[in-house]
Amino acid sequence: MKAEAEQKEGGTAPADSARPDTKEVILDAAERLFAEKSYASVSLRELTAAAGVNLAAVNYHFGSKDALLVAVFRRGAVALNRERARLLREAEERAGGGTPPLREIVEALIAPAIRYSFTSNRLALYNQFVAFARGDGPPEAREMLDKDVGHLQRFVLPLARALPHLPQQEVYWRLHFVMGVQHSLYTDMKRLETLSGGQCHLDNLPAVTARVVDFVVAGLEAPHRVV
């Protein structure tokens, strides 16, 4: 494979490969390039040029391009899910041990991803990267995305308590639909702008978030329909 050939050409890792910042520099470059282009179209040569390292440095820290993709995902997931957990914990503390309002639970789940998607920081690129990885990433990366549900499990019990009219199976279904709404927003926003003739845009991010939360809360609170 091309990636394997490139790795072999890298030779022995340079002395500065073990520097603490080298790994982060490679991750930053990979995340940006994978998001701006796609995993499949970015070569290791292009990546190392952007990071200012040689091929051996990538091999030293990650072993392969596929492993690098997984490492990029893990780093972004940890940061995003830490923020979600913090917001949920604060909502539970405000509730004094009881069940937080449904709206606060929903905000803790989806507001961080929406905010990060439309602001200029690392996690904005991470959100784009996830969309690309689902399309042309290696099987290992797609499998990891499919199994990345630990942060969602944390929300199941609070949602079930806030929605006592729903059986547990329905809570899982609706949580899945909520994540679909979130993903569609940050992957298809340009399409919405075109559809609305420019009426729908992101000039007011808090208003966009409020609209999404309103929609999600209404869907979660809808009566249960036995099928």
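H10 gives the largest share of the lining of the largest pocket, eight residues. Helices here are DSSP runs (H or I, at least four residues), numbered from the N terminus. The model is predicted: local features need pLDDT of at least 70, side-chain atom pairs count only at pLDDT 80 or more, and totals for chains, interfaces and linings use all residues. Residues are numbered from 1 along each chain as its sequence is written, and side-chain values use heavy atoms, with hydrogens and water left out.

Stay with the largest pocket. Its space comes to about 510 Å³. A pocket is an open set of points on a 1 Å grid over the protein atoms alone, where a 1.4 Å probe fits, with protein on both sides within 12 Å along at least five of seven lines; lining residues have an atom within 4 Å of a point. The volume is the space filled by probe spheres set on the points, which are joined across faces, edges and corners. In all, 26 residues line the largest pocket. Nearest its centre lie Asp148, His151, Leu152, Met179 and His183. By class, the lining holds 14 nonpolar, eight polar and four charged residues. Nonpolar covers Ala, Val, Leu, Ile, Met, Phe, Trp, Tyr, Cys and Pro; charged covers Asp, Glu, Lys and Arg; the others, Gly among them, are polar.

Now take the second largest pocket. About 400 Å³ of space lies there. Its lining has 13 residues, and Leu185, Leu192, Val208, Arg211 and Val212 are the closest to its centre. H10, H11 (189-195) and H12 each supply two or more of the lining residues. H12 provides the largest share, four residues. Eight of the lining residues are nonpolar, three polar and two charged.

Next, the helix packing. H9 and H10 pack at about 125 degrees, with axes 10 Å apart. Axes are lines fitted to C-alpha atoms, for helices over the stretch in contact, and angles run from 0 to 180 degrees between N-to-C directions. H9 is therefore oblique to H10. Angles under 35 degrees count as roughly parallel, over 145 as roughly antiparallel, 65 to 115 as roughly perpendicular, and the rest as oblique. On the H9 side, the contact (heavy atoms within 4.5 Å) uses Leu152, Gln153, Val156, Leu159 and Ala160. H10 brings Gln168, Val171, Tyr172, Leu175 and Met179. Eight of these residues are nonpolar, two polar and none charged.

H9 also packs against H6. The angle is about 165 degrees and the axes are 10 Å apart, so H6 and H9 are roughly antiparallel. Their crossing is left-handed. Leu102, Ile105, Ala108 and Leu109 of H6 meet Leu152, Phe155, Pro158, Leu159 and Ala162 of H9. This contact has nine nonpolar residues, no polar and no charged.

H6 (102-117) has a further partner in H12 (205-221). Their axes come within 9 Å and cross at roughly 135 degrees. The two helices are therefore oblique, and the crossing is right-handed. From H6, the contact includes Leu102, Val106, Ile110 and Ile114. From H12, it includes Leu205, Val213, Val217 and Leu220. The H6 and H12 contact divides into twelve nonpolar residues, one polar and five charged.

Key:
A crossing is left-handed if the near helix is turned anticlockwise from the far one by less than a right angle, and right-handed if clockwise.
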